[in-house]
Amino acid sequence: MAQQPVIEVDQLKKKFGDFTAVDGVSFEVYPGEIFGFLGPNGSGKTTTIRMMLGILNPTSGSSKILGTEVEEGAKGIRSRFGYMSQRFSLYNDLTVQQNLEFYASAYGLENTERRERIETTLAMAGLEGKQHTRTKDLSGGWRQRLALGVAIIHRPEVIFLDEPTSGVDPVSRRAFWDLLYGLVADGVTVFVTTHYMDEAEHCHRLAFIQDGHIIAYGSPEEIKRNTFKSKVIELTTSHPGQAIAALQAARESGQIKLEEVELYGSQVHVTGKDAGQLEKEIKKVFNKNKLTIQNLAVIEPSLEDVFIANIRRNHTNQ
């Protein structure tokens, strides 16, 4: 028997005057998965999640959480989901313990149950020993853990995380994702918005949103396979900026047939249909411009390669 979706979003649309922020978005999220909702800043991620939670009324369309229409019965299911906003809804002048006490009480937890949940949350988030630290004195990574703890202290079935790792250092980001995997192992469904492509690789399924439209949808492997037919050549050079400029100039003059050329960390990624021919043309461009290739290899596309290609394709089709 097929699983019933935990989240169902159907043709969700939001207009602010003449501006359409979200335009007919549809997707489903299933139990026990991490679903990533990806897109650049301003693409419609936060507007979508606020409509899904009943914080913002949609212009049209609908969303269901745990089988309940959000507009009709959001209050009745609020105890069954958690929400961690971009700004971390914490009280800075309260200690870690006091924040947890406050939110546990707000969710209706009492006495023994409240104490047990707080102890469990402190252990889960690695906050033991920091109970009496004021929230404003915590680093970004610890504040992030506390915000997650607050969002799950009532043991929700599904949790919504809006840009939870924005502005947090890479080590804290990695630790945070370890916590998310622990929640999923306990049966929690996670819906997370992000603009970090490396985080997308950790999701079970994804939706890419750009200018209010879904431009790709599926597992990371499905998106790579179904929406990206090009080959990716990764090359290392001591002057990546000059290399990109030379390759772009060669494309404009018709000397090389490439689709995209982008800086990826310290490497340059070049995409095109024919890897063998593209490799020959790249070497010609480098020789002509007296640039040195330290390493060159055909690689599997990253989600960042796929995302950039989909964004370009979306703009071309508009």
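**Figure 1. Residue classes in the lining of the second largest pocket of the predicted model.** By class, this lining comprises seven nonpolar, three polar and three charged residues. Nonpolar denotes Ala, Val, Leu, Ile, Met, Phe, Trp, Tyr, Cys and Pro, charged denotes Asp, Glu, Lys and Arg, and polar denotes the others, Gly among them. The model is predicted: local features need pLDDT of at least 70, side-chain atom pairs count only at pLDDT 80 or more, and totals for chains, interfaces and linings use all residues. Residues are numbered from 1 along each chain as its sequence is written, and side-chain values use heavy atoms, with hydrogens and water left out.

**Figure 2. Centre of the second largest pocket.** The second largest pocket holds about 230 Å³ of space. Its lining has 13 residues, and Thr 120, Ile 152, Arg 155, Leu 183 and Asp 186 are the closest to its centre. A pocket is an open set of points on a 1 Å grid over the protein atoms alone, where a 1.4 Å probe fits, with protein on both sides within 12 Å along at least five of seven lines; lining residues have an atom within 4 Å of a point. Points are joined across faces, edges and corners, and the volume is the space filled by probe spheres set on them.

**Figure 3. The largest pocket and its lining.** This pocket has a volume of about 350 Å³. Of its 17 lining residues, Phe 81, Gly 82, Tyr 83, Met 84 and Tyr 107 lie nearest the centre. Two or more residues each come from β6 (81-84) and α5 (140-152), which are DSSP runs numbered from the N terminus (helices: H or I, at least four residues; strands: E, at least two). The lining divides into twelve nonpolar, four polar and one charged residue.
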